[in-house]
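Here is my note on the packing in this model. Please read the points with the structure open.

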Amino acid sequence: MTTHTIRVEPIGAEIQCREDQTVLDACLREGIWLPHACTHGTCGTCKAQILDGEVDLGDASPYALLESERDEGAALICVAQPRGDVVLEGEVDMDEGVGVHPVRDFRARVDSLEEIAPDVRRLVLALDEPMRFNPGQYVLLDVPGGQQRPYSIASTPSNGSLIELHLKRSENGIATDGWVFSSLKAGDEVTLSGPYGRFSFRPLRTQPILLLGSGTGLAPLKAMIRHIDEDGGEYQVTLYHGVATKDDLYDREYFEELEARTDWFTYRPALSRDDWNGRSGRVPALLAEDYPRAGGNVAYICGSPDMVSDTMKALMKARLFPGTSTARTSSTPPTAPRAPTWCAVR
């Protein structure tokens, strides 16, 4: 397979990239961190300027990469493949204290697979070698048939050989309906790659932390909580977890035990459709009730596009504005693979 040289400016790093490999994949595997999120050409987070050379733009969404931007030499490097030597200008930027871990391929065995809520399964994978990652990052799971799907890691880097994923069943989804919820079982072998994503715990931000999640958006937030717990609980953390019904409120016992055991963690579950003896309503509305002023906190959000958008509006109304380096949302169209949706604000 023909390979080409990719030079990444402004750092001047040069790497080799195969013609059948995306530019982003080649960079991440060499430890050059560039912004990315969906990895399917739909969100636009990885948009970069091609200064010299030619790339195949691949399956870049016309909504994420406008025709005018294509004419001006922009590309979504998560789907762009080189057709010669390339020079690109990327946003090489990481928060201080956040590790950079090159993407690697892994083989794994299904350690356990259990139903934890209606149409939600916890998948634990035993990897052939430990994965290094930051709490909050995600992996790409190889689905039979050749496609990949992104899932956030709910476990912590302290045991990189055993990773936990939360999968929500999607009607006719090739990864869920067609595999995890139909034929996958303990002992099966799978392959995956990772870690991916910039949404991760920022250890040097010492302000009180608001973790705001809905549904299986809990997964990366749980990884952060467990990581903080393992390190001795040096941060004040409040978790909001919004779901539709009481049956959907998975891992409730774990968080209630943690709240009872520590003085740094507060658990605020909420139901949007069921009546119960706890709080009812959507996370953005409850947040607005509890925090008319939220300045001085750090917030991490993970959930559906609507939940993320509404929560960001609530935070900004409470005078907690997006940070300069970690705000992002997915604009995945309904027909495309659903990528994790997330953003972080401070």
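1. One definition comes first. Rings of Phe, Tyr and Trp, taking the six-membered ring of Trp, pair if their centres lie within 6.5 Å. The model is a predicted one. Seven aromatic pairs are counted by this rule.

2. Tyr138 and Tyr196 make a stacked pair. Their centres are 5.6 Å apart, with 25° between the planes. The pair links distant parts of the chain: Tyr138 sits in strand 10 and Tyr196 in strand 13, 58 residues apart. Both tyrosines, Tyr138 and Tyr196, are buried.

3. Why is the pair of Phe255 and Phe265 tilted? The planes stand at 35°, with the ring centres 6.0 Å apart, so the pair counts as tilted. Phe255 belongs to helix 5 and Phe265 to strand 16, so the pair ties together parts ten residues apart in sequence. Phe255 and Phe265 are both buried.

4. Phe255 and Phe265 also belong to one aromatic cluster with Tyr254, Trp264 and Tyr267. Over the face of Tyr254 lies Lys222, at 5.4 Å from the ring centre.

5. Now the nonpolar cores. The largest has 31 residues. Ile6, Val8, Cys27 and Leu34 are among those with the most contacts inside it. Several elements each supply at least two residues, including strand 1, strand 3 and strand 10. Helix 1 gives the largest share, five residues.

6. Which residues does Val8 touch, not counting residues up to four places away in sequence? They are Ala13, Cys27, Ile32, Leu34, Leu88 and Val92.

7. Another core, of 27 residues, lies apart from the largest one. Among its residues are Ile225, Ile228, Tyr235 and Leu239.

Methods:
Residues numbered from 1 in each chain as written. Predicted model: local features only at pLDDT ≥ 70, side-chain atom pairs only at ≥ 80, totals over all residues. Heavy atoms only, no water. Core = buried A, V, L, I, M, F, W, Y, C linked by side-chain atoms within 4.5 Å. Buried < 20%, exposed > 50% of the residue type's maximum accessible area, 1.4 Å probe, protein only. Helix = DSSP H or I, 4+ residues; strand = E, 2+ residues; numbered from the N terminus. Contact = heavy atoms within 4.5 Å. Phe/Tyr/Trp six-rings, centres within 6.5 Å; stacked < 30°, edge-to-face > 60°. Lys NZ or Arg CZ within 6 Å of the ring centre and 35° of its normal.
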